[in-house]
Amino acid sequence: MIGPNIFEFSDPTEYLREVLRKKKLFNPRFSMRAWARQMGLKNHSLLSLILQEKRRLKSSVAGQIRKSLQLSTPEQKYLDR
């Protein structure tokens, strides 16, 4: 699956929501819970709160997301800003 271009998004949370949307288009049974598990998060609630913009994207979680999405170095820096 080829994901959205991160540089087209002004907010990392918008980018992550679009990535999840694309994953669900590719596989309708894919869930936020499955994505959180793939990233190595202990539970999906943190990811849910981040996507709802109720929690800030902290560097530790951002690191797991970067690894999961296999972002290039410029993309990683853009996500961290």
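This is a predicted model: local features need pLDDT of at least 70, side-chain atom pairs count only at pLDDT 80 or more; totals for chains, interfaces and linings use all residues.
Met-39 lies in helix H2. Is Met-39 buried or exposed? Its relative accessibility is 6%, so Met-39 counts as buried. Setting aside neighbours within four places in sequence, Met-39 is in contact with Leu-47, Gln-64, Ile-65 and Ser-68. Ile-50 sits 11 residues from Met-39 along the chain, and the C-alpha atoms of the two are separated by 14 Å.

Ile-65, one of those partners of Met-39, leads onward. Which residues does Ile-65 contact beyond its neighbours within four places in sequence? They are Leu-16, Met-39, Leu-57 and Leu-79. Ile-65 also belongs to the largest nonpolar core, which has 22 residues. Within that core, the members touching the most others are Tyr-15, Leu-16, Trp-35, Leu-47, Leu-57, Ile-65 and Leu-69. At least two core residues come from each of helix H1 (12-26), helix H2 (32-39), helix H3 (45-51) and helix H4 (59-69).

Now look at how the helices pack, starting with H1 and H2. Their axes come within 11 Å and cross at roughly 110°. An angle from 65 to 115 degrees counts as roughly perpendicular, so H1 is roughly perpendicular to H2. The crossing is right-handed. On the H1 side, Leu-16, Val-19, Leu-20 and Lys-23 take part. They meet Met-32, Trp-35 and Gln-38 in H2. By class, this contact of H1 with H2 holds five nonpolar residues, one polar and one charged. Two of its residues, Leu-16 and Trp-35, are also on the list of core members that touch the most others.

The next pair is H4 and H5. Helix H5 covers residues 73-80, and it packs against H4 at an angle of about 150°. The two axes are 11 Å apart. Angles over 145 degrees count as roughly antiparallel, so H4 runs roughly antiparallel to H5. This crossing, too, is right-handed. Which residues of H4 and H5 meet? Ala-62, Ile-65 and Arg-66 in H4 face Gln-76, Leu-79 and Asp-80 in H5. The contact divides into three nonpolar residues, one polar and two charged.

Back in helix H1, find Arg-17. Its relative accessibility is 34%, so Arg-17 counts as partly exposed. Not counting residues up to four places away in sequence, Arg-17 touches Leu-51 and Glu-53. Gln-52 is 35 residues from Arg-17 in sequence, yet their C-alpha atoms are 9.0 Å apart in space.

At 48% relative accessibility, Glu-53 counts as partly exposed. What is the phi of Glu-53? It is positive, at about 60°, although Glu-53 is not a glycine. Most residues other than glycine have a negative phi.

Gln-70 also has a positive phi, of about 55°, and it is not a glycine either. Where does Gln-70 lie? It is in the loop between H4 and H5. With a relative accessible area of 70%, Gln-70 is exposed.

Definitions and conventions. Residues are numbered from 1 along each chain as its sequence is written. Side-chain values use heavy atoms; hydrogens and water are left out. A nonpolar core is a set of buried Ala, Val, Leu, Ile, Met, Phe, Trp, Tyr and Cys residues joined through side-chain atoms within 4.5 Å. Buried means under 20% relative accessible area, exposed over 50%, partly exposed in between (1.4 Å probe, protein chains only). Helices (H or I, at least four residues) and strands (E, at least two) are DSSP runs, numbered from the N terminus. Contact means heavy atoms within 4.5 Å. Axes are lines fitted to C-alpha atoms, for helices over the stretch in contact, and angles run from 0 to 180 degrees between N-to-C directions. Angles under 35 degrees count as roughly parallel, over 145 as roughly antiparallel, 65 to 115 as roughly perpendicular and the rest as oblique. A crossing is left-handed if the near helix is turned anticlockwise from the far one by less than a right angle, and right-handed if clockwise. Ala, Val, Leu, Ile, Met, Phe, Trp, Tyr, Cys and Pro count as nonpolar, Asp, Glu, Lys and Arg as charged, and the others, Gly among them, as polar.
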